[in-house]
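Dear colleague,

I am handing over the structure below, together with some notes on what turned up when I went through it. Please read the notes with the coordinates open beside them.

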Amino acid sequence: MGYLYSQECVWNGVEGCCAGLFMPGVECLVTYNRNTIKLWRCKGGLMIVKEHVLFERICRIEKYEISDGHDGVVILFDKAKICVAIFEPCTNVFETVSLKFFERDEYDSKEEDIRNMHIAKDVGIVHISKRYFGVFGLRQGVLNAKAFRFADVDSKIRNPVDFVFIGNYSTPTVCLVYESSPKKYTSIKNRNAIIFSIDLSTGGFHVVDEFDVPPKTFKVAYTGTAMLFISHSSIMIRTPSSSYTLPVNRMSECYGSDKVFEEAVLFDVSCFAKGSVCLLLNGNGDRYKLSIDMDMKRIIGACLKFDGKDATVSGVCSVNNFVFFGSMVDESRLFVVDEHNKQDNELIETSGRDDEYARLFSTEANKRLKDDFALELIDVMPNVGGLNGMTMKSNGQAIFAVEGLQPCLCIVSGTIPFEIVKSVKVKKYRCCMKAMEYYMLSKEFESKVFRWDDDFIQVDGEYERRVITIGFGCLGRNVAQVMTDSCLLMDGDLKLIRKFDFDEAILESKIVCGGMFLVTRDKSRKMVCYDEGMNVTMSVCEVTCFCDVGGVLFVVLDEGISVFDLQTCRQYMVCKVRMDGAIQMTPYEEPKKDKQPKKSKYRNSHADTVELSCSSDIVEIHVSRTKRKVLMLLRTNRGEMIAYEALDDECLRYGTTQEAIFNRIMLPKCVFFKLDNDEKGFYGIGEMVFMKSTINMFLLATDKGYYMYRSKHSLNSIYIDAGQAIHLSRGHLVVMNVPKPECEQYVFGNGYVGQKVPVMRTPKYVENARGYTVVAACEEAEFLVDEEKDYGVPVTTFRFSIDLYSEKYEYISTYGFDENEHVFYVKYLTLDDRQGNHGKSQFLVVCTTMIEGEDKPAKGRLHVLEIISVVPEPENPFKDCKMKVLGIEKTKGSIVQCEEIRGKIALCLGTKIMIYKVDRSKGIIPVGFYDLHIFTSSISVVKNYILASDIYRGLSFFYLQSKPIRLHLIGSSGLLRNAVNTEFLAVNDELSMQCSDDRGTIHIYTYSPNSIISMDGTKLVKRAEITTKLGRLSSNSVGFKKSGTLFYSRTNILIHICSIDEGEYSRLLELQSLILSRLPVLFGVNPRDYLSSDIHLHELSLKGPIVHHALSMFEFLDTGNQHEVSNLMNMSRTKVIELIASLNKF
């Protein structure tokens, strides 16, 4: 058995960002989240320009200046690899300028801990580890990449904390905050700052200044005029001539009764400065505005004010007047700076001035001009929030407990959440259409018209019944029925007005431009456009296919793709394929009479992956429009789909003189069609496209990205009318509302749609209980000592509770816990019960831990509740149940997790695994335990078997003996540190054991007693190891995909691991190796390095996983490499694409 691995950054989480003029003269920003990098354009709102998914993790991104109107980007990867790149708008690609490495001989790679990177004009500096840092040049002739010891700057530097470049110096100058050694006879560690310059010619350092900074200083920032040293309790502001310390709470050393302060604790602060005003974004979402009052570069006062609460920020960047606040889990926002109070010359009095300054000058000096600014919101990048707990609600739908700016639950679905308005069962028809209030259902040589008010009733009318109906809709004020040989025009009562006969048999027809025109294509490949009175307005020969968007026709001819305006009935754009594979739309010029026009055809090129020798390869075209972009989808006669996009909509404007470039793009999933050339594969549904591929998919096109979703409907036909989708599926006619991307209720992501439901308190865990939703939530509460308030710094704790919600998420009741009793796990289990049906009943089991301080060991309690039915009140009919306590059991340790095993409760209890049973008369009774070498952090159960993770030793596999109840250790894994999560993956008769550690590495084992490596079954055999570097992961054994397991991180990254049979695994592994060996190098990252990574250097039983994204890159190989890979696989190129597209079912 092999394993298919996919890692998806579902929503637009931002781990880091930088802003600059990456397109010449255009304000842009670059965001990244782990291994995904995106380029955005800012003007007019956020619009994605380019996206890449790399095979290495990105640690940091910064900009560097190339010229006055053009910037480049510097990317820091894992293992201290630095790439300098620029974006070329003409070819729509990133080009690598240089790639820099630090020699491993210069520093100890085992101590590598990459934290930060900053860029000056010609040089950059990167924090490699506690002892080493690297300096690299950005231009030719400047110092190359080299690693140095911090001791090379000054021997006193220990444990560097943060650094920043300082301006107004002729040479690159750095301010470094470090932790000095504690003084003699004390245990207090001081923080110091040192300012040193870098000599680029010799690679030496010169110390400029050295001074003390407040204790626990964790960040240093440069505002352009002053340096800020930020600690948890104070802010130190320093210029070359003065310094000023501002306390923010009572724990500050400089706090006094005459000082101005705010009760705040600063941590994970991000800064944005404009003039003498600095915006501080705290780690908990609080926003503070720091105003610095200066007189001739001397600090005479400062003031800190609370400016509101916002989403937690992971990165801040600005370019010109645009400011971007990126968030990992919450909404990321784009602002424009609105400067005020400068033109009015208003005199504002400031407080908190220096006492000495007040004595030397009069009170009138306290009034002076003060800079200020406001932020005006332009656009929002939606996100769901931090993922806490998860439970599956139904097949393909999950509920996440979401923590963020607004506490809520997020119902996440892998399919589009269409809202069904009405549905009726009908006979099996092939096509459905609508005109006015009439519905036409048709199949071969049978067409019927129905009316759907209260009942679905067939209506009479003068329409044709025993014919093949191609089109039915409103043409002007009339109803048109288009058949293969004629068209009927009828009034609102379906009475015949006129019958129009066609010269040739019609293959395709469409009513376009809001019912103003009828466009047909006949057997002779002639396209004819008719107006409301069936008068011919335009005809074009040699037409393969066509589509309309916004009053414009895109027509595929033998000569290429042309664009026609329906209002003027004139051609105004033609296309040609450039050497880089892009489609270039140019204004159409009428051919001169004395010269015969040259026919432009599609040509093969080294970068064109479609292999279109002529436009006859295209059998269908679909064009859709977002607010500012145009998406073009082409289906070929080989079943492939090719996607192009234009970053502006100039091609949709009649009379334009500008060229439009459609660049080849890669969609999130590979799509393959098994349709005849005359069959329709694309259906436009509002702002979405339904693709009738081997696995039916929906494509949602927005300015912020393209999102693809699986379809839970097997649609025979679909029709859009007034924002509603009408479709036939499995003998039912269904009318549905189509969700829109701008709807605040939904958060659209790559492959998943989230629907937010507000709740009362911050949810931590969620569980589905017979349709009811159980939420373990918490809220802040002030800590009291002996029921008295501590009058120092306010100390808050959390008070947990269990909230019960109805099926429609209406609040029902609450079960509260004691203060400092933390809920660690909630599970709805089916346990043994003599009073239940068939001896079983369902109970809600809650695992809690009592935290009593660092001097006392933690204790736990096991709560067993039952959800019982009650008579609801008439005004609250949804309150038809409540929670009843059956028993509470105290334990001597912290309870981390619980599972059901043979009708009993298996507890993960620190150094023990405990087995309990529930008795209604006696309460909770312990019946078994295992207490030896383990320190459990997680357990999983299947039948009589328990898999426990041990934070010291790894995995332990147990068998539960029923009579007498006893746990037997069957086998264990090798040495594995900090295993914190376990899951079983059972497929057919094969069982895999999965666990993740605190670094995010997923380990997969099997129990194989017949293997020599297993030592007669006493050792679990390791089968795979997947390195994600996402930190601690959570998991769910029943994910969105069949035969798979779902892991998710707090950074909203979903990881699916699916099992595949051995034969398919070998074929996919060979295909993956061939693709990775031929992918081009991007940002200096060579995909071939993945083949020789550390994952292949372990024991022989280890199998490399199949990476879904690596297989999807086959579409982006050039034509020659695609044929070479196909020949080596002994498969046709079409079969390879079909094989990759079939993996969308996992």
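**Backbone, strands and charges**

At 72% relative accessibility, Asp1016 counts as exposed, because the threshold for that class is over 50%. Please keep in mind that this is a predicted model. Asp1016 sits in the loop between strand S86 (1001–1006) and strand S87 (1021–1027), and its phi is positive, about 60°, although it is not a glycine. Most residues other than glycine have a negative phi, and most peptide bonds are trans. Cys513, in the loop between strand S44 (506–512) and strand S45 (517–522), likewise has a positive phi, of about 55°. A cis peptide bond, with omega of about -15°, joins Lys963 and Pro964, and Pro964 is placed in the loop between strand S82 (954–961) and strand S83 (966–972).

Strand S50 (residues 560–565) and strand S51 (residues 570–577) run antiparallel and are joined by four bridges, with Asp565 having Arg570 in S51 as its bridge partner. Four residues lie between the strands of this hairpin, in which Cys569 takes a positive phi near 55°. On S51 there is also an antiparallel pairing with strand S52 (residues 583–587), over five bridges, where Lys576 stands opposite Gln584 in S52.

The whole structure holds 47 salt bridges. One of them links Asp310 to Arg333, with the closest N and O atoms 3.4 Å apart; since Asp310 lies in the loop between strand S25 (298–309) and strand S26 (315–319) and Arg333 in strand S28 (residues 332–340), the pair ties together parts that are 23 residues apart in sequence. Asp310 is buried, at 12% relative accessible area, and Arg333 is buried as well, at 18%.

Asp833 forms a salt bridge with Arg920, the closest N and O atoms being 2.9 Å apart. Asp833 lies in strand S72 and Arg920 in the loop between strand S78 (912–919) and strand S79 (923–930), so this pair ties together parts that are 87 residues apart in sequence. Asp833 is buried, with a relative accessible area of 7%, whereas Arg920, at 30%, counts as partly exposed. Salt bridges that share partners also join Arg287, Asp307, Asp310, Glu331 and Arg333 into one network.

Finally, Glu464, Asp485, Asp501, Asp503 and Glu504 form a negative surface patch, and of these residues Asp501 is found in strand S43 (residues 496–501).

How values were computed
Residues numbered from 1 in each chain as written. Predicted model: local features only at pLDDT ≥ 70, side-chain atom pairs only at ≥ 80, totals over all residues. Heavy atoms only, no water. Patch = residues over 30% accessible without salt bridge, like charges linked within 9 Å, V, L, I, M, F, W, Y side chains within 5 Å. Areas by Shrake-Rupley, 256 points an atom, 1.4 Å probe, with all protein chains shown as cover. Salt bridge = Lys/Arg side-chain N within 4 Å of Asp/Glu carboxyl O. Lys, Arg positive; Asp, Glu negative; His and termini not counted. Charge placed at Lys NZ, Arg CZ, Asp CG, Glu CD. Helix = DSSP H or I, 4+ residues; strand = E, 2+ residues; numbered from the N terminus. Buried < 20%, exposed > 50% of the residue type's maximum accessible area, 1.4 Å probe, protein only. Pairing = 2+ DSSP bridges.
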